[in-house]
Structure formats: C-alpha cells, structure tokens
Amino acid sequence: MNKKDNQRTRLTKILFRNALISLLQKKSIYQISVTELCEASEMNRSTFYKYYGNVRDVLTELEEETLKQGQQCMQEIEVSEINCAIQPLYRLLCYIKEHKELYKLLLNNSTDDNFSSVMIQDAINLLKYKSQNVLTDSNNFSDYVFQYILFGCIHVIQSWINGSMTDSPEEIAQLIYNVSISVIEAYK
C-alpha cells in the first residue's frame, strides 16, 4: 500500500468516525444503521464494508484510539514524588475538555463496559508500577485502594463531563489529587 492509499484510508475512517460521533449525539449506537452512517459520512456502503463489519466496529475503533491517547498521557507521568502527578492529570483534563463530546459519548454510550474497564485497568497497572518509587511499603498497598481511587476519579471526570464543566481542569485535577493523596496517606 502506498502513501496515498494510507492517507486515503485514514481520511475515510475519520469521515466514518466523525459521522458516528454526530449520529451518537442524537441516538444510541443500536439505532444507527450502516446506511444512515454512510449517508452521514457521504461515503458508500462498499467503502464502509471495506473497513468495517458493522457500526459497532467504528465505535470500537474510536474507543481504542481514545484509550491509546489516554495511555500516552499516563506514560508521561514521572513519579519521583507523588505530587508531580497533578500536571499530567491537568493536561489530560484539558484534553478531555477540548474533546468533551467525544469523551461524553464514549463514557456514556459504550456498548459494553470494556472501554472504561480497560482505561481503569491500564491506570491501575501504571500507578502500581510508578508508585513503587514513592510508597515505602508498596507490597501492602492494596489493589482495592487503587480501584477505589481510580473508580472515583473516573466518576468525578464523568460527572464533570456530563455537567456544565464550570469547574476548570485545574480545579478538577486538584480535587482528584487531594482526595487520592488523602486515601493513600490514610492507608499507609
């Protein structure tokens, strides 16, 4: 495949994903047909079936890309002290605010819990790995504590996205950070 074909493929998939995002703002994934998605993207059905088997495949690809971007943000976290985690969190929240509709659709309309579960599990694994340098007794730092923090973070972010987002990304990052530190300190 040459460079032009790669670019054409990327652009075609972007059109399908953008059309899906637009349609998801009006109806659930289960109500969107291939024909409707093709009309919204101004692409034909044969082009759709060249890349996807059904409409949920487009949603799955969108979720995977979003997870990948989240993982990249998390990989930027360099923990030598726990408080330096606030800057990557702040950048992630700014990114979420810039792409509010996409995150709102994915967190609220996923066809299964896989999207949020994978996002949470990746964060748990990264935090466990990174926190070993910070916590003096990391072997006793329970999976339950990490899950408590991360599920809480996800729900705070989801509430923020579903609300009016009047609180700034910096305020939400500080809230998540303060609560997380309190939980960690209480457990140590």
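Mentor: Before we start, a helix axis here is a line fitted to C-alpha atoms over the stretch in contact, and angles run from 0 to 180 degrees between N-to-C directions. Keep in mind that this is a predicted model.

Trainee: Okay, how do helix 8 and helix 9 run relative to each other, roughly parallel or roughly antiparallel?

Mentor: Start with the packing: the two axes sit 11 Å apart, at an angle of about 160°. Angles over 145 degrees count as roughly antiparallel. So helix 8 is, relative to helix 9, roughly antiparallel.

Trainee: And which hand does the crossing of helix 8 and helix 9 have, left or right?

Mentor: Helix 8 brings V145, Y148, I149, C153, V156, I157 and W160 to the contact, while residues from helix 9 include P169, I172 and L175. By class, that contact has 14 nonpolar residues, one polar and no charged ones. As for the hand of the crossing between helix 8 and helix 9, it's right-handed.

Trainee: What about the loop between helix 8 and helix 9: is M165 buried or exposed?

Mentor: M165 sits in that loop, between helix 8 (143-162) and helix 9 (169-187). Its phi is near 55°, positive even though the residue isn't a glycine. Buried means under 20% relative accessible area. M165 has 7%, so it's buried.

Trainee: Then E42, is that one buried or exposed?

Mentor: E42 also has a positive phi without being a glycine, about 60° in this case. You'll find E42 in the loop between helix 2 (34-41) and helix 3 (45-51). The cut-off for exposed is over 50%. E42 has 74% relative accessibility, so it's exposed.

Methods
Residues are numbered from 1 along each chain as its sequence is written. This is a predicted model: local features need pLDDT of at least 70, side-chain atom pairs count only at pLDDT 80 or more; totals for chains, interfaces and linings use all residues. Side-chain values use heavy atoms; hydrogens and water are left out. Helices (H or I, at least four residues) and strands (E, at least two) are DSSP runs, numbered from the N terminus. Buried means under 20% relative accessible area, exposed over 50%, partly exposed in between (1.4 Å probe, protein chains only). Angles under 35 degrees count as roughly parallel, over 145 as roughly antiparallel, 65 to 115 as roughly perpendicular and the rest as oblique. A crossing is left-handed if the near helix is turned anticlockwise from the far one by less than a right angle, and right-handed if clockwise. Contact means heavy atoms within 4.5 Å. Ala, Val, Leu, Ile, Met, Phe, Trp, Tyr, Cys and Pro count as nonpolar, Asp, Glu, Lys and Arg as charged, and the others, Gly among them, as polar.
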